[in-house]
Amino acid sequence: MNNVMALAGVVIKEMYRRKDFYVLFVMTALITLLLGAMRFFDNAGIVRFLKEICLVLIWISTLVIAVTTAARQIPAERESRTIFPLLAKPVRRWELVAGKFAGCWLACVITLVVFYSFFGIITASREQAWPGMIFFQAVWLHAVFLAVVVALVLLGSVVFTAQSSNATICLIVVVGILYVGRYLNRVADGLRGIGGDIVYALYFAIPHLEWYDIHNLLVNDWNGIDWVTMSGATLYGALYTGFLLLAAWMIFRHKALTV
Amino acid sequence: MIQLVLTLVFVGGFTLATFLDPRLQALRARADDGTGFVAALMGDSRRLFANQFFVEADVYFHSGYYPTIFDTPEAEETLDVNSKEEAETPGAAPASGRRPEKDEGGGFLGPPRDWVERFGRHFMPTQHTHLANGKVAEILPWLRLSADLDPHRIQTYLTASYWLRGTLNQPDEAEQFLREGLRANPDSFEIYIELGYVFDYNRKNPRMARNLFELALDKWKKQDGAGLKPSPKARVEILDGLVRADEEQNDLKQLLPDLEALKAVSPFPDAVEKDIQATRAKLAAQPPGRPD
């Protein structure tokens, strides 16, 4: 366990040494503040527009950070050949995968806390009220979403040779699930024969990442989600994360490490 | 030799620039319709975005409960954000600012088809509600952006004005926005009608409202004469506005011909006929020489 935490610590340090996070945060803050300065029809009570734009920017930024951070972990260790002394320490291969995952995910959670704190301050200043339970649920579900994404990208990094192709494919898959995943059953209904069956099977097989995007509830001030549902979503995310990490470890276990 | 070629290229480039510049300027003038930089940058694609932003206003009006391309789409004219009932009856709404609405035909979602869909509905709005009271202001940024992108989209001005002058009680902003719309669409009778409502309902200035309704009627007739087939319903609205302004000013002499014009197009000619008889009776009862 010490090895896992040590590896995670290195990943977290790497994240705050890199410029990605700072650039994306400054961009998000700048765009949000500029939009916040706009007045529409001399009405000071308009806030949902600002919340929506800020949340969209947060989702884009955190997704980019998660994918790029996770995609470079194992390939970078291999290219710089630091993976050999690391595994000779001795660190087991499962510890390496788990450590990289823990580091990436914790780095993403830190990023989320910073971004959502900014969002909370902006919202509270405009609405003159502190965010309710739905706000914390949105942060947690976003964190679970990023856990699945990080695990998926780590799996990709042991499957694909180039990190750029891995990052691109994972981004397309994640964005595709976010936008279309919910409707695949309807698409399957419209298809006949084996095509429909394949799409239906895909619908049940993919991780339904769209559940974790509750920005519509948060922006429009809907009530919070009940805790049984929250627990169910967390368990579902944890199962998929576990499955993807297990698959990554199984492939990585038999992988030759020469570049 | 190289210097000669360079000079030749420079002279050729300069000559080509003098030849092409007037043609490019002419093209730019055609594209320019008041949106300036945005029009130059986005071309006609901005109209697509303008439509999308207008729909986004309707999404906000429903607090996110909205069909996607995978559900049955709604025609633009049936969007609830265009509603003609709510501004008249703002009434009391829940503290959430959302007024529950009935879902025709069980709503666009329908019953869930499987456990994934059933569970997934916990994470999205599933109740049909409309924004109420001051919360309606949340739709305004999208309408503003829609108008900025396509200043010829008349419905955007009408919808924004409807909520501004009604529920939000901001007639000044409504008038300003409508005048902006008129600058881009000087022949729009729809904007004149809406402007007439601002002066009639909000400013309580029936004389000014009447002038605006007359202008609207003039524009409507011009469009009709040009074979553009303007909406017959709009003509009824205009004549209705004129009649109301006459009644408010107690201008019985003007009211009579306006009522007769309304009777010719109204879906309820009998009711209008009753008003005509009543007006005639009032006119007959007036002592001769009395000013209206």
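**View 1. A:Asp221 sits in the loop between helix 10 (215-219) and helix 11 (227-253) of chain A.** This is a predicted model, where local features need pLDDT of at least 70, side-chain atom pairs count only at pLDDT 80 or more, and totals for chains, interfaces and linings use all residues. Residues are numbered from 1 along each chain as its sequence is written, while chains are lettered from A and ligands numbered from 1 in the order in which they are written. Helices (H or I, at least four residues) and strands (E, at least two) are DSSP runs, numbered from the N terminus. The phi of A:Asp221 is positive, near 55°, and the residue is not glycine. Most residues other than glycine have a negative phi. A:Asp221 counts as buried because it has 21 C-beta neighbours inside 10 Å. Buried means 20 or more other C-beta atoms within 10 Å of a residue's own, with C-beta atoms placed from the backbone.

**View 2. A:Phe41 lies in the loop between helix 2 (20-36) and helix 3 (48-79) of chain A.** Phi of A:Phe41 is near 50°, a positive value in a residue other than glycine. A:Phe41 is buried because 20 other C-beta atoms lie within 10 Å.

**View 3. Helix 5 (residues 140-149) of chain B is mostly covered.** Nine of its 10 residues are buried. Among them are B:Leu140, B:Trp142, B:Arg144 and B:Leu149. Of the 292 residues of chain B, 32% count as buried.

**View 4. Chain B has 12 helices and two strands.** From the N terminus on, its elements run α-α-α-β-α-β-α-α-α-α-α-α-α-α.

Definitions and conventions. A residue is buried if 20 or more other C-beta atoms lie within 10 Å of its own, exposed if 12 or fewer, and partly exposed in between; C-beta atoms are placed from the backbone.
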